[in-house]
Amino acid sequence: MKNFLIAFSVFSCWCVVGLYFLNATGAFNNRKSLFVDASSTVEPANPGTIKKQAPGYVLDSIYQATEPTKQPAERGIYQDSSLAKTGNYDKLIDDIQKRMERNQRAIDEDEERLRLAKLSKTATTKATKPNADITFRPVFKMARLVRDENASRFLAEVERRLKIKPQAKIEIIGYTDHIGDDRDNYVIALEQAQKIRLFLIKSLNLPENQVIALSKGEEFPLYPREQEDKIELNNRYELIFK
């Protein structure tokens with residue numbers, strides 16, 4: 001019996017302390033506000049009128065306050081308000097396809113203009129190619145120009161033209177056939193044109209700046225590749241007096 005009284009006293013003390021704590025923290029008032037009766041009234045804005053709260057008004061307000069907010073749209077994803085509402089992306093796809101088609105048309109037009117420009121340039125180059133005043137087909141042995149009868153006639157013709165126009169600039173342009181590498185043919189024609197240039201300068205005692213050596217390589221052949229018996233004649237050196 002003594003132990004029971006002691007336990008009951010301790011329990012009573014704890015109850016008193018708990019009630020005091022709940023009252024001090026205002027827990028009783030909060031509990032009352034949560035379970036307010038639906039028929040209770042609130043003070044209206046205008047005196048003399050009473051407005052009843054709808055059932056569950058307080059609880060609905062608490063739920064709305066704690067309702068999670070919508071997450072923002074993910075970054076890096078295309079967002080369009082009109083498309084997001086309908087979920088229809090056909091217009092966007094059509095716009096992209098139209099832009100791609102326009103870009104492709106622009107590329108095709110640029111390629112066509114480039115092709116026409118190249119054709120025009122080639123036609124202009126062929127049309128403006130000056131006629132040769134002298135065509136010379138020398139013989140080279142051991143990388144040296146052979147001074148044969150053909151070379152003597154060539155030298156005499158150059159001398160005759162210079163007597164008519166002593167200050168004329170002479171261009172020596174080398175051409176080759178298509179056999180071999182085009183770069184090698186260009187170099188060979190240039191080297192041999194330079195040898196003919198030195199031959200004229202030394203033989204006729206001309207100033208060095210009066211004679212120029214150039215090369216066109218395989219360009220402007222006189223005979224097409226199909227005429228195999230004449231393609232050798234494409235190897236030539238043309239002199240132009242200016």
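The face of α6 turned away from its buried side carries Glu-149, Lys-163 and Ile-164, which are exposed (exposed is over 50% relative accessible area, buried under 20% and partly exposed in between, with a 1.4 Å probe and protein chains only). This is a predicted model, in which local features need pLDDT of at least 70 and side-chain atom pairs count only at pLDDT 80 or more, while totals for chains, interfaces and linings use all residues. Residues are numbered from 1 along each chain as its sequence is written, and side-chain values use heavy atoms, with hydrogens and water left out.

The buried residues of α6 are Ala-151, Phe-154, Leu-155, Val-158 and Leu-162. They lie on the same side of α6 because they cover an arc of only 95° around the axis, the arc being that of the directions from the helix axis to the C-beta atoms. An α-helix has 3.6 residues a turn, so residues three or four places apart point the same way. What covers these buried residues includes β3 (134–136), β6 (170–175), α7 (182–204) and β8 (236–241).

## Two residues with positive phi

Most residues other than glycine have a negative phi. Ala-143, however, has a phi near 65°, and its place is in the loop between β4 (140–141) and β5 (144–145); at 53% relative accessibility, Ala-143 counts as exposed.

Phe-220 also has a positive phi, near 55°, and is found in the loop between β7 (211–217) and β8, where Phe-220 counts as buried at 18% relative accessibility.

Conventions. Helix = DSSP H or I, 4+ residues; strand = E, 2+ residues; numbered from the N terminus. Contact = heavy atoms within 4.5 Å.
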